[in-house]
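The following exercises concern a single protein model.

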Amino acid sequence: MTHEWAKARGIHLNLTQPGQPQQNAYIERYNRTVRYDWLAQTLFDSIEQVQAAATR
């Protein structure tokens, strides 16, 4: 569905290869920051709580 949406709008998607996180270092750095600096500081009881906190 995403590919169809992008193609209809003339957008070319460049996806990273599986197992090659260094191809998108900015996103990997952000994900690490979220995991260690944000999620590790709070004890959540459910995935819904994590999603609500991330949305805020």
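**Exercise 1.** Determine whether alanine 40 is buried or exposed, and state where alanine 40 is found.

*Solution.* Step 1: the relative accessible area of alanine 40 is 58%. Step 2: a residue is buried under 20% relative accessible area, exposed over 50%, and partly exposed in between (1.4 Å probe, protein chains only). Alanine 40 is therefore exposed. Step 3: alanine 40 is found in the loop between helix 2 and helix 3 (47-55); helices are DSSP runs of H or I with at least four residues, strands are runs of E with at least two, and both are numbered from the N terminus. Step 4: the C-alpha atoms of alanine 40 and isoleucine 11 are separated by 36 Å, at 29 residues apart along the chain.

The model is predicted: local features need pLDDT of at least 70, side-chain atom pairs count only at pLDDT 80 or more, and totals for chains, interfaces and linings use all residues. Residues are numbered from 1 along each chain as its sequence is written, and side-chain values use heavy atoms, with hydrogens and water left out.

**Exercise 2.** Classify leucine 13 by its accessibility and locate leucine 13 in the chain.

*Solution.* Step 1: leucine 13 lies in the loop between helix 1 (2-8) and helix 2 (25-38). Step 2: leucine 13 counts as partly exposed, because its relative accessibility is 33%.

**Exercise 3.** Describe the position and exposure of glutamate 48.

*Solution.* Step 1: glutamate 48 lies in helix 3. Step 2: with a relative accessible area of 52%, glutamate 48 is exposed. Step 3: from C-alpha to C-alpha, glutamate 48 and tryptophan 5 are 28 Å apart in space, and they are 43 residues apart in sequence.

**Exercise 4.** How is the protein as a whole built, and how spread out is it?

*Solution.* Step 1: the protein has 3 helices and 0 strands, in the order α-α-α from the N terminus on. Step 2: its radius of gyration, taken over C-alpha atoms, is 16 Å, well over the 10 Å that the globule rule (2.2 Å times the number of residues to the power 0.38) gives for 56 residues, so the protein is more spread out than a compact globule. Step 3: the C-alpha trace spans about 40 × 25 × 15 Å along its principal axes. Step 4: of the 56 residues, 5% count as buried.
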